[in-house]
Amino acid sequence: MTLFDSPSARSRRTALWTSLEPGDNVLLRMHGFVHLRGTVDDRTEDGSTIWVVDRLGDRRLFHIDDDFELDLAPVPGPFRP
């Protein structure tokens with residue numbers, strides 16, 4: 001059993017995915033590296049599947065059982081060189 005498979009980790013993960021709403025900014029990581037940053041476009045009623053649109057407008061589907069770590073991301077601010 002890994003850290004992410006413990007009952008409490010699974011419960012927190014499920015709570016996060018089911019609480020997502022369209023417009024939420026999210027960060028999806030895999031093995032510690034950022035894979036995608038985007039905005040939730042839609043989700044299934046049970047929250048197990050989400051569609052995320054990245055800054056280029058590409059829409060991707062993610063399932064709770066995929067190997068991605070999901071976090072809410074801050075709203076990106078204006079670019080400052």
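Let's start in a loop: Ser48 sits between β2 and β3, where helices (H or I, at least four residues) and strands (E, at least two) are DSSP runs numbered from the N terminus. This is a predicted model, in which local features need pLDDT of at least 70, side-chain atom pairs count only at pLDDT 80 or more, and totals for chains, interfaces and linings use all residues. Residues are numbered from 1 along each chain as its sequence is written, and side-chain values use heavy atoms, with hydrogens and water left out.

Is Ser48 buried or exposed? Ser48 counts as buried because its relative accessible area is 16%; the cut-offs are under 20% for buried, over 50% for exposed and in between for partly exposed, with a 1.4 Å probe and protein chains only. Its side chain makes a polar contact of 2.8 Å with the side chain of Asp46. Such a contact is a pair of N or O atoms within 3.5 Å; within protein, one must be able to donate a hydrogen and the other to accept it, and residues adjacent in sequence count only if both atoms are side-chain atoms. Setting aside residues up to four places away in sequence, Ser48 touches Trp17, Phe62, His63 and Ile64, contact meaning heavy atoms within 4.5 Å.

One of those partners, His63, takes us to strand β4 (residues 59-63). His63 is partly exposed, because its relative accessibility is 28%. Its C-alpha atom is 4.4 Å from that of Thr49, 14 residues away along the chain. Beyond residues up to four places away in sequence, His63 touches Trp17, Ser48 and Thr49, and its side chain reaches the backbone nitrogen of Asp65 at 3.0 Å.

Now step back to the whole chain. Along the sequence the pattern is α-β-β-β-β-β, that is, 1 helix and 5 strands. The 5 strands form an open sheet in the order β4-β3-β2-β1-β5, with antiparallel pairing; two strands pair if DSSP finds at least two bridges between them. At the edges are β4 and β5, each pairing on one side only. From one strand to the next, the twist averages 40 degrees. Helix α1 (residues 7-19) packs on this sheet, touching β2, β3, β4 and β5, and its direction makes about 55 degrees with that of β5. Axes here are lines fitted to C-alpha atoms, for helices over the stretch in contact, and angles run from 0 to 180 degrees between N-to-C directions. Within the sheet, β2 and β3 pair in the antiparallel sense over 5 bridges, and Arg43 has Ile50 in β3 as its bridge partner.

What lies inside? The largest nonpolar core has 12 residues, including Trp17, Val52, Phe62 and Leu70. A nonpolar core is a set of buried Ala, Val, Leu, Ile, Met, Phe, Trp, Tyr and Cys residues joined through side-chain atoms within 4.5 Å. The elements giving two or more residues to the core are β1 (25-30), β2 (33-43) and β3 (49-54). In soluble globular proteins, nonpolar side chains tend to be buried together.

Leu70 counts as buried because its relative accessibility is 8%. Leaving aside neighbours within four places in sequence, its contacts include Leu16, Trp17, Val26 and Ile50. Leu70 and Met30 are 40 residues apart in sequence, with 9.1 Å between their C-alpha atoms.
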